[in-house]
Amino acid sequence: MLPELSSLLSRFDPITGDIAGAKIVQRRLGDLRGCFADAAAFEATLARKNPLLYSVAAIEPGSGAGDLHYGVGRLMPGRIGNEYFLTKGHLHSWREAAEIYIGLTGEGMMLLEDEVSGDSRMVPLTANQVVYVPGRTAHRTVNTGTVPLTYIGIYPARAGHDYGAIAEKNFRCVIVEVNGAPALVERRNVVS
Ligand code: PA5
Ligand code: MN
C-alpha cells in the first residue's frame with residue numbers, strides 16, 4: 001500500500017527555503033566557532049552581533065535501508081574577513097553515502113574534500129546546477145553572492161551527519177574573495 005499523499009509530496013519555497021512539515025535546524029554565527037580561518041575577525045564580529053547564518057528544513061519520510069531524506073538549505077550572504085559565509089560542513093557517518101545538491105537561488109560554491117587524500121575542489125552551486133557529492137567526501141556550502149543561497153540536498157536516510165571529524169581537523173582549504181571573485185586557497189595561507 002502507498003503512504004498518504006503528504007508523505008509522497010512536498011511543496012517548498014525556493015526563496016524562503018520553507019517546506020511544510022519539515023524539521024528545522026538553524027545555525028547562528030556563534031555556532032560556527034572554529035570554522036572560519038580568521039579567528040580574530042570571527043570573534044570581533046560575534047562580539048557585535050550573532051546573526052542567523054543558515055537554516056535547513058529537512059523531510060525524513062522513512063528510515064529504511066533504501067529510504068531517502070532531503071532538505072532545503074538557505075544560507076545568508078556575508079563574510080568574515082575575506083571568507084564567505086559557510087555551513088559547518090560534515091562527512092556522512094555512513095562514509096559510502098553520496099549526496100545530490102541542486103541549486104535553487106543565489107550564487108554559491110560547494111567545498112569538497114576527499115577524506116583520505118585531502119584533495120579539495122570548489123564546485124559552483126547556483127540555480128539549475130546539480131552537484132554530485134561522492135561518498136567519503138567532506139562537504140560545505142558557501143554563499144559567494146549578495147542574496148540568500150538556497151539549495152536542496154538529497155541523501156540516503158541512513159547517511160547520518162558526522163560533524164566531529166571535520167571539527168577536529170577542519171577543511172584544508174577555504175573559499176575567500178580575491179579581487180572580487182571566489183578563490184580556493186589553503187587555510188594555512190590565510191592570515192588571521
Ligand atoms: O545534508 C546535507 O548535506 C545538507 O542538507 C546540510 O545539512 C546543510 O547544507 C547544512 O550543512 P551542515 O549540515 O554541514 O550544517
Ligand atoms: Mn551531507
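Predicted model: local features only at pLDDT ≥ 70, side-chain atom pairs only at ≥ 80, totals over all residues.
Strand 7, made up of residues 99-105, is joined to strand 10 by four bridges, and the two run antiparallel. Strand 7 is also joined to strand 12, which covers residues 149-156, by five bridges, again in the antiparallel sense. Within strand 12, Thr150 is the bridge partner of Thr105.

A further antiparallel pair is formed by strand 14, at residues 173-178, and strand 15, at residues 181-186, which are linked over six bridges. Here Ile175 has Leu184 in strand 15 as its bridge partner. Two residues lie between the strands of this hairpin, and Asn179 takes a positive phi there, near 50 degrees.

Asn128 has a phi near 70 degrees, which is a positive value in a residue other than glycine. Asn128 is placed in the loop between strand 9, at 120-126, and strand 10, at 130-133. A positive phi is also found at Asn170, where the angle is near 65 degrees, and Asn170 belongs to the loop between helix 3, at 164-169, and strand 14. Are these two asparagines buried or exposed? Asn128 counts as exposed because its relative accessibility is 77%, a value over the cut-off of 50%. Asn170, by contrast, is buried, because its relative accessible area of 15% falls under 20%.

Asn170 is also among the residues touched by Glu113, a residue found in strand 8, which spans residues 107-114. With a relative accessible area of 4%, Glu113 is under the 20% cut-off and is therefore buried. When residues up to four places away in sequence are not counted, Glu113 touches Gly118, Asp119, Ser120, Arg136, Thr137, Ala138, Lys169, Asn170, Phe171, Arg172 and Cys173. With one of these residues, Lys169, the side chain of Glu113 makes a polar contact of 3.4 Å.

The manganese ion, ligand 2, is coordinated by His90, His92 and His139, each through NE2, and by Glu99 through OE, at distances of 2.1 to 2.4 Å. Along the chain, the donors of the manganese ion follow the spacing H-x1-H-x6-E-x39-H. Of the coordinating histidines, His90 and His92 are both buried.

How far is an oxygen atom of ligand 1 from an N or O atom in the side chain of Tyr151? The distance for Tyr151 is 2.6 Å, while a polar side-chain atom of Arg27 lies 3.4 Å from an oxygen atom of ligand 1. On its own, ligand 1 has 380 Å² of accessible area, and the protein covers 97% of this area. There are 15 residues around ligand 1, of which Tyr54, Gly89, Tyr101, Tyr151 and Tyr163 come nearest.

The loop between helix 1, at 5-8, and strand 1, at 23-28, contains Phe12. Phe12 counts as partly exposed, because its relative accessibility of 34% lies between the cut-offs of 20% and 50%. Apart from neighbours within four places in sequence, Phe12 is in contact with Asp18, Ile19, Val72, Leu104 and Ile152. Phe12 and Val25 are 13 residues apart along the chain, and their C-alpha atoms are separated by 16 Å.

Notes. Residues numbered from 1 in each chain as written. Chains lettered and ligands numbered in written order. Heavy atoms only, no water. Donors = N, O, S within 2.8 Å, 3.2 Å for Na, K, Ca; no water. Buried < 20%, exposed > 50% of the residue type's maximum accessible area, 1.4 Å probe, protein only. Polar contact = N/O pair within 3.5 Å; in protein donor to acceptor, adjacent residues only side chain to side chain. Contact = heavy atoms within 4.5 Å. Near = heavy atom within 4 Å. Areas by Shrake-Rupley, 256 points an atom, 1.4 Å probe, with all protein chains shown as cover. Pairing = 2+ DSSP bridges.
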